[in-house]
Amino acid sequence: MAAAFFFTKEIMKKRTALFKNDLENALKKFPATSFNKNVKPKDVAHIISSAVIGFKKNSDSLKALKENIELLISVCIKV
């Protein structure tokens, strides 16, 4: 059981790192004014990717998950 947990945890770490990297690359295309002062795309990618893990664990439905992610994006990025 412990080996399966470790395997799953490692897979999640790798997938989260890939998501964070892709998100950071996408956010670098946004104008600097899209973020709060002194906040870099790397920081926003870290916050969003970390929060999404918690949202996935705690959302009771796909609708709730989407709403939480959309709210987080609206807080982190000025559009």
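Predicted model: local features only at pLDDT ≥ 70, side-chain atom pairs only at ≥ 80, totals over all residues.

1. The protein contains three helices and zero strands, and its elements occur along the sequence in the pattern α-α-α. The helices are α1 (2-27), α2 (41-58) and α3 (62-76).

2. Dimensions and surface. The C-alpha trace spans about 50 × 25 × 15 Å along its principal axes. The accessible surface of the protein amounts to about 6300 Å², and carbon and sulfur atoms contribute 63% of that area. Of the 79 residues, 22% are buried.

3. Contacts in sequence terms. Among contacts in the protein with a separation of 6 or more, 57% are accounted for by residues 24 or more positions apart.

4. Charge. There are 15 positive and 7 negative side chains in the protein. The centres of these two sets lie 5 Å apart.

5. Nonpolar core. Ten residues form the largest nonpolar core: L23, L27, F35, V44, A45, I48, V52, L72, C76 and I77. The elements that each supply two or more residues to this core are α1, α2 and α3. Four residues, the largest share, come from α2.

6. The loop between α2 and α3. Which residues does S59 touch once its neighbours within four places in sequence are left aside? With those neighbours excluded, S59 is in contact with A64, L65 and N68. S59 itself is found in the loop between α2 and α3. Two polar contacts of its side chain deserve mention. A polar atom of the S59 side chain lies 2.7 Å from the backbone oxygen of F55, and the side chains of S59 and N68 are joined by a polar contact of 3.5 Å.

7. Burial of S59. Is S59 buried or exposed? Its relative accessible area is 18%, and the cut-off for burial is under 20%; S59 is therefore classed as buried.

8. The loop between α1 and α2. N38 is found in the loop that links α1 to α2. The phi angle of N38 is near 65°, a positive value in a residue other than glycine. The relative accessibility of N38 is 67%, and because the threshold for exposure is over 50%, N38 counts as exposed.

Definitions and conventions. Residues numbered from 1 in each chain as written. Heavy atoms only, no water. Buried < 20%, exposed > 50% of the residue type's maximum accessible area, 1.4 Å probe, protein only. Polar contact = N/O pair within 3.5 Å; in protein donor to acceptor, adjacent residues only side chain to side chain. Contact = heavy atoms within 4.5 Å. Areas by Shrake-Rupley, 256 points an atom, 1.4 Å probe, with all protein chains shown as cover. Lys, Arg positive; Asp, Glu negative; His and termini not counted. Charge placed at Lys NZ, Arg CZ, Asp CG, Glu CD. Core = buried A, V, L, I, M, F, W, Y, C linked by side-chain atoms within 4.5 Å.
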